[in-house]
Amino acid sequence: MRRNFVILLLLCLFVTLLSACSKNETSKLADNSDNASNKENVELTISAAASLQDVLNKLATQYENEHPNISITYNFGGSGALQQQISNGAPVDLFFSAAEDKFDLLVEEGFIEKNKGTDLVGNELVLVVGKDQAQNIRAFEDLPKIKKMAIGTPETVPAGKYAVETLERSNLLKKVEQQIVYAKDVRQVLTYVETGNVDAGIVYKTDAMISSKVKIAAVAKDNTHSPIIYPVGIIKGTSHKKEAEKFYNYLQKEETLKTFEKFGFHKVKK
């Protein structure tokens, strides 16, 4: 009798353990399912100024390695053109502008909330010439003696607007306006100078730094143009709000800002 009782007790214990294991496995499967759904693949679309191309591509590689479920797609171009695209309903998650006025327009139109945007980095404006150019161009004042120079289209390219301001305040615009060739963005200006299609161009310092075919002839003084500030913000209608906020915060980290500095940008005092 006692033996039968022991066998019965052991059977009960076995059934209890089997049930517990089954529940544990079910729980693990549920957790794994939750984790899989939480890490659903997401593609972030970021419209960014052409002058940010090199640094943002590097940051995208780093970020995607740390977040395998996130892929970043950039739409590079002139800030004005990008702003117009967003105003017309282009599906974008973040906007990274090379000018505050283009960014502010989207804030005014309700596409970006004020508390979801920040001035991130700054840049400098420089005059560049071909590395092997024979002409002796050492200052903005030397521009009247060249045949052709390139700048971005001022209405849509912030660097072009800053270039016009610098030429105006240096009393040079009327002297060189017949020599000016307009480009769709700063990278096209850089290409024109690299290929010798123009004798000089006005671009950002960061663009000049990435080219082995040009050299900086002069740096524009800060008082000759508006401050060159790059604001970034989350588009209000993003369908990936959580992921967009995470990348937005990542851009503001100290380590990320150091990467910007390596590419020639500088921190903005707030």
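Trainee: In what order do the six strands of the open sheet stand?
Mentor: Strands of a sheet pair through backbone hydrogen bonds, either parallel or antiparallel. In this predicted model, the order is β2-β1-β3-β10-β4-β11, and the pairing is mixed.

Trainee: Which strands stand at the edges?
Mentor: Those are β2 (70-77) and β11 (266-267). Each has a single partner strand, so one side of each is left without a neighbour in the sheet.

Trainee: In which sense do β4 and β10 pair?
Mentor: Strand β4 (residues 112-122) pairs with strand β10 (residues 229-235) in the antiparallel sense, over six bridges. To find one of them on screen, look for T118, whose bridge partner in β10 is V232.

Trainee: Now the helices. Which strands does helix α9 touch?
Mentor: Helix α9 (residues 241-251) packs on the sheet and touches β1 (42-49), β2, β3, β4 and β10. Its direction makes about 160° with that of β10. Helix α4 (residues 100-108) lies across β3 (94-96), β4 and β10, and runs at about 170° to β4.

Trainee: And how do helices α2 and α10 pack?
Mentor: For two helices, look at the angle, the axes and the residues that meet. Helix α2 (residues 53-66) packs with helix α10 (residues 254-262) at an angle of about 145°, their axes 10 Å apart. The crossing is right-handed.

Trainee: Which residues meet there?
Mentor: From α2 come V55, L56, K58, L59 and Q62, and they meet T256, T259 and F260 in α10. By class, this contact has four nonpolar, three polar and one charged residues.

How values were computed: Residues are numbered from 1 along each chain as its sequence is written. This is a predicted model: local features need pLDDT of at least 70, side-chain atom pairs count only at pLDDT 80 or more; totals for chains, interfaces and linings use all residues. Side-chain values use heavy atoms; hydrogens and water are left out. Two strands pair if DSSP finds at least two bridges between them. Helices (H or I, at least four residues) and strands (E, at least two) are DSSP runs, numbered from the N terminus. Contact means heavy atoms within 4.5 Å. Axes are lines fitted to C-alpha atoms, for helices over the stretch in contact, and angles run from 0 to 180 degrees between N-to-C directions. A crossing is left-handed if the near helix is turned anticlockwise from the far one by less than a right angle, and right-handed if clockwise. Ala, Val, Leu, Ile, Met, Phe, Trp, Tyr, Cys and Pro count as nonpolar, Asp, Glu, Lys and Arg as charged, and the others, Gly among them, as polar.
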